[in-house]
Amino acid sequence: MQALIESPLMKKAPPLYRAVIHATYKENFAFRSTMAVSLIVQPVYFLVHYFIWQAVFQVHDTVSGFTLNTMLYYFAVSSLLGFLNWDDADGTLQRLVQTGKFITFQLRPVYHLYYAFFEKVGHRLLAFWVEIIPIIGFYLLFKIKPIPTMPVWAIISVALSFILGFLINYTIGTIAFWLVKTDGLRRAMLVIKDVCSGVFLPLTLFPSVIQKVLFFLPFQFVSYVPARVFMGSYELAGITMSIPQIVGLQAAMVAVTYLLNRLVWHFGIKRFTGVGA
Amino acid sequence: MARTVDLPSPDEQKSNAGPLFQWFKIYIHGMKTAFASRMAYRGDFFMSMFIMMVVELFGPLVTLLIYHNGASFPGWERHEVLLLQGVFLLSRGIAFPFFMGMVWNTISRVQEGTYDLLLIKPRSILQMSIITAFDSEDLGKLIGGILLFIYALKSVPSLPLVNWASFLLLFIFSLITMFAFGLFMSGLGIVWIGNYRIYDIFMSVMDFGLYPRSIFNKLFQTIITWVIPISLLGSFPASALLGKQITGVLGAMLCSIFFLLVGLWFFHRMVRNYTSAGG
């Protein structure tokens, strides 16, 4: 029985994951008004940023190479990426470990990593029409058209950032095997991730020393890199790269993060104990 | 080891000072209980508190980076904007641990069905919602606010006493506004079951208070002064402290009181709408 559960064939059965996507979509559809709160929140955030940058660009034509239009374009694209990449994989895993419910996943013929990933896919599919499409409509009112200059590379980059965002969160969630309750750590990592990935501001606005550090961290590949791919040029810490080069580097970072996640998981899972199912 | 508490007899309770004293006493009990339960995971508590503090200091990051890149907000020096944000965070740092927890408390209890347990207590529901919601880890926000306020204040030349007096008055009004926000959100939490994103709405609207009022256009300046007095959260108190000329402050103060009264009415109206199947 155990061998059957552990067999890779069982664990990677595509219909199972299709079912996970479908179930997550339907489950969250019931709470779509919660998701739709973004339709109030995001325009308000955008308006605040609009006024901030309008005031700043009243006295300066460019700030760190950005004009008012490119700054608003960057903000719009990075916010859309934020909606697309959002997940609570870390929180979900932590709660499963803390309550002991994770034990049920040890008995199911499914890898929790893939299960959680396809939950994210289902959840974000719903978000696509509840959050993303209406917000694109809002941006169009301000004549901001989030159309990438290199569509194929942009799609690849967005897909990679989707996976990378999940892997980072999931790895943070894995820490629950050691700490059980990780609210503080997760909150810290969320802030660090958001700031270092350029969700709030383009990373080129940071002092050059910090930019050099940010270049070697995985976070820039979650938001800053895909946003720059949308814009058609990449530059950070004085390093300029072509779009295929930076997307290639992004793919390498996804592979490294995946391996790191598996390593942390390997040691973490040995610490888990649970009673009953 | 079991711990016992000596509860005062009914006669002793009656002989004590007025309802405010009783309120305060119960609130202290609520604080102690909140601390004790949070200490079950003390490592996470201290980390959360530290993170709260750091997160608050990330708020002015946009300002720092704007000024670092040679840009600025027209009419405002870097330290002045930081002072404004320090005042804003100070106000939030007091509100969140001491009474804003009632929002989370209300949403969570309504969702779980344990809100009834507060309703049957021999105290007002608003009082019980606040008392059982002390958020100890949010004290990190207060520390963050104090640190930023002191840091920004260092760059400001010594200020006359009258500036401090008007600042304190407006700061009280900023807390009143915060409390009114809390009432609206808690009221919403009663009817919008389990939607913790009510906080998100509040946080996004509050973002208008984190920057000088003058950067917004006339329409938004009117809204954040006369409709939702967000200007009182940072811009007005900081301007008063810095001795800057401010217009519409009296209107904002009146609006704040009106906002509070409507908030109280809204909260109690929503409580009347609350339905459940018993605790």
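**Two chains, one walk-through**

Reader: Is Lys143(A) buried or exposed?

Author: A word first: this is a predicted model. Lys143(A) sits in the loop between α9 (112-141) and α10 (151-174) of chain A. Exposed means over 50% relative accessible area. Lys143(A) has 74% relative accessibility, so Lys143(A) counts as exposed.

Reader: What is the phi of Lys143(A) near?

Author: Most residues other than glycine have a negative phi. Lys143(A) is a residue other than glycine with a positive value, and its phi is near 60°.

Reader: And Ala237(A), is that residue buried or exposed?

Author: Ala237(A) lies in the loop between β1 (234-236) and β2 (239-241) of chain A, and its phi is also positive, near 55°. The cut-off for buried is under 20% relative accessible area. With a relative accessible area of 16%, Ala237(A) is therefore buried.

Reader: Let's go to the interface. How much area is buried between chain A and chain B?

Author: Contacts between the chains involve 38 residues of chain A and 36 residues of chain B. Carbon and sulfur atoms give 75% of the buried area. The total between chain A and chain B is about 3200 Å².

Reader: Which side chains meet in a salt bridge at 3.6 Å, N to O?

Author: Two salt bridges are found across the interface of chain A and chain B. A salt bridge needs a nitrogen within 4 Å of a carboxyl oxygen. The 3.6 Å pair is Arg197(B) and Glu131(A).

Reader: Which element gives the largest share of the side of chain A that touches chain B?

Author: Between chain A and chain B there are seven residue pairs in polar contact. On the side of chain A that touches chain B, α4 (32-36), α5 (38-59) and α12 (183-197) each supply at least two residues. The largest share is 14 residues, and it comes from α5(A).

Reader: How many residues of that side of chain A are nonpolar?

Author: The side of chain A that touches chain B has four charged residues and ten polar ones. The nonpolar residues there number 24.

Reader: Which residues have the most contacts inside the largest nonpolar core?

Author: In soluble globular proteins, nonpolar side chains tend to be buried together. Here the largest nonpolar core has 161 residues, and helix α5 (residues 78-112) of chain B gives the largest share of this core, 16 residues. Phe73(B), one of its residues, touches residues of both chains, including Ile52(A), Val56(A), Tyr67(B) and Ile215(B). Those with the most contacts inside the core are Phe73(B) and Phe208(B).

Reader: Back in chain A, is Ser197(A) buried or exposed?

Author: Ser197(A) lies in helix α12 of chain A. Among the residues in contact with Ser197(A) are Tyr74(A), Leu203(A), Phe219(A) and Tyr224(A), while a polar atom of its side chain lies 3.3 Å from the backbone oxygen of Asp194(A). Its relative accessibility is 2%, so Ser197(A) counts as buried.

Reader: Finally, how many residues of helix α12 (residues 235-242) of chain B are buried?

Author: The elements covering the buried residues of α12(B) include α5, α8 (139-154), α9 (161-191), α11 (218-227) and α13 (249-273) of chain B. Phe236(B), Pro237(B) and Leu241(B) are among the buried ones. Gly243(B) follows the helix with a positive phi, near 75°. Helix α12(B) is mostly covered, and its buried residues number eight of eight.

How values were computed
Residues numbered from 1 in each chain as written. Chains lettered and ligands numbered in written order. Predicted model: local features only at pLDDT ≥ 70, side-chain atom pairs only at ≥ 80, totals over all residues. Heavy atoms only, no water. Helix = DSSP H or I, 4+ residues; strand = E, 2+ residues; numbered from the N terminus. Buried < 20%, exposed > 50% of the residue type's maximum accessible area, 1.4 Å probe, protein only. Contact = heavy atoms within 4.5 Å. Buried area = accessible area lost by both parts, 1.4 Å probe. Polar contact = N/O pair within 3.5 Å; in protein donor to acceptor, adjacent residues only side chain to side chain. Nonpolar A, V, L, I, M, F, W, Y, C, P; charged D, E, K, R; others polar. Core = buried A, V, L, I, M, F, W, Y, C linked by side-chain atoms within 4.5 Å. Lists of a residue's contacts leave out its neighbours within four places in sequence.
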